[in-house]
Amino acid sequence: MSTKIPAGCRDERTGVAVVLTAGHCHESPVFATVFAQVPAEPPLTHAMMDKGYDSAGIREQLIVHDIVPVIPSKRNRREPLDYDQELYKLREKVERFFNNLKQFRRIATRYEKLSKTFLALIHLVAVWIIIK
């Protein structure tokens, strides 16, 4: 009955990749889909993500593309990995993007029945946020 909106953002106003998943799905399987939607220009140097994206596969994929993963380790990781805590503070810009997105009641409460209609509305609101 719920929906998650995994997104890739450049800053709090520019969401560049948006995908819909069911509310019970984990974020990490959707990473490849979101990452494929991120435009190549301007190139990314760092990827700030929350603990849900802490997996060896995601880290390897980022490193292959010359992107530094800034992901805190999960508590259950046997050997915690270091990450740049100062850079990780920039992840709040992604949270601000979602806050801006959810200022629109139709996004926050999801009135749309069809996923593609809801995703289209998210794209429309994301463009509105950019030009506002």
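Is glutamate 112 buried or exposed? In this predicted model, local features require pLDDT of at least 70 and side-chain atom pairs count only at pLDDT 80 or more, whereas totals for chains, interfaces and linings use all residues. Residues are numbered from 1 along each chain as its sequence is written, and side-chain values use heavy atoms, with hydrogens and water left out.

Glutamate 112 counts as buried, at 11% relative accessibility (buried, under 20% relative accessible area; exposed, over 50%; partly exposed, in between; 1.4 Å probe, protein chains only). Glutamate 112 lies in the loop between helix 5 and helix 6 (115-131); helices are DSSP runs of H or I with at least four residues, strands are runs of E with at least two, and both are numbered from the N terminus. With residues up to four places away in sequence not counted, Glutamate 112 touches Arg106, Thr117, Phe118 and Leu121 (contact, heavy atoms within 4.5 Å).

The structure holds 0 disulfides, a disulfide being a pair of cysteine sulfur atoms within 2.5 Å. The sulfur of cysteine 9 has its closest cysteine sulfur in cysteine 25, 20 Å away, which is too far for a bond. Cysteine 25 counts as partly exposed because its relative accessibility is 31%.

Among the residues of the lining of the largest pocket, 23 are nonpolar, 5 polar and 10 charged. Nonpolar covers Ala, Val, Leu, Ile, Met, Phe, Trp, Tyr, Cys and Pro; charged covers Asp, Glu, Lys and Arg; the others, Gly among them, are polar. A pocket is an open set of points on a 1 Å grid over the protein atoms alone, where a 1.4 Å probe fits, with protein on both sides within 12 Å along at least five of seven lines; lining residues have an atom within 4 Å of a point. Helix 4 gives the most to this lining, with 4 residues.
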